[in-house]
Amino acid sequence: MTLSYRQLADEVEVERYQHTDELVGAFQKARDFARFIEQTDGTPQKLCLASHDWAAT
């Protein structure tokens, strides 16, 4: 069985946990790696398309 999910909305909102240095570092590492892949391989990465609101509520 193959499942296929398609994003229908133009925008999505997510929340991520950033209350420890490890979690902050993990997200930064993921963004850095996504940029590296785009620059070296030319493959677009969705993480690089995202805009981020760093405000804590």
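Reader: Why is aspartate 32 called partly exposed?

Author: This is a predicted model, and in it aspartate 32 has a relative accessible area of 44%. Buried means under 20% and exposed means over 50%, so at 44% aspartate 32 falls in between and is called partly exposed.

Reader: What makes the contact of arginine 35 and aspartate 32 a salt bridge?

Author: Their side chains meet at 3.0 Å, N to O. The rule asks for a side-chain nitrogen of Lys or Arg within 4 Å of a carboxyl oxygen of Asp or Glu, and therefore the 3.0 Å contact counts. By this rule the count comes to one salt bridge.

Reader: Where do arginine 35 and aspartate 32 lie?

Author: Both are in helix 1, three residues apart, which is about one turn of the helix. Arginine 35 is partly exposed, because its relative accessibility of 38% lies between the limits of 20% and 50%. Along the sequence, glutamine 45 is 10 residues from arginine 35, and their C-alpha atoms are 7.6 Å apart in space.

Reader: How far along helix 1 are phenylalanine 33 and phenylalanine 36 from each other, and how exposed are they?

Author: Phenylalanine 33 and phenylalanine 36 are three residues apart in helix 1 (residues 21-41), which means a separation of about one helical turn. Phenylalanine 33 has 52% relative accessibility, over the 50% limit, and therefore counts as exposed. Phenylalanine 36, with 46%, is partly exposed.

Reader: How do you know that the charged end of arginine 16 sits over the ring of phenylalanine 27?

Author: The charged end of arginine 16 is 4.2 Å from the ring centre of phenylalanine 27. The distance limit is 6 Å, and the charge must also be within 35 degrees of the ring normal. The 4.2 Å meets the distance limit, and the contact is counted as a charge over the ring.

Reader: How do you know that the buried residues of helix 1 line one face of the helix?

Author: The buried residues are Phe27, Arg31, Ala34 and Ile37. Seen down the axis of helix 1, they fall within an arc of 120°, so they line one face. The face turned away from that buried side carries the exposed residues Asp21, Glu22, Lys29, Phe33, Gln39 and Thr40.

Reader: What span is helix 1 expected to have, and what span does it reach?

Author: Helix 1 has 21 residues and reaches 30 Å from its first C-alpha to its last, close to the 30 Å expected at 1.5 Å a residue.

Reader: Why is proline 44 called exposed?

Author: Proline 44 has 65% relative accessibility, over the 50% limit, so it counts as exposed. Its place is in the loop between helix 1 and helix 2 (46-49).

Reader: What makes glutamate 13 exposed?

Author: Its relative accessible area is 75%, and the limit is 50%, so glutamate 13 is exposed. Glutamate 13 lies in the segment before helix 1.

Reader: How many helices and strands does the protein chain have, and what share of its residues is buried?

Author: The protein chain has two helices and zero strands. Of its 57 residues, 9% count as buried.

Definitions and conventions
Residues numbered from 1 in each chain as written. Predicted model: local features only at pLDDT ≥ 70, side-chain atom pairs only at ≥ 80, totals over all residues. Heavy atoms only, no water. Helix = DSSP H or I, 4+ residues; strand = E, 2+ residues; numbered from the N terminus. Buried < 20%, exposed > 50% of the residue type's maximum accessible area, 1.4 Å probe, protein only. Expected span 1.5 Å × (residues − 1). Arc of directions from axis to C-beta.
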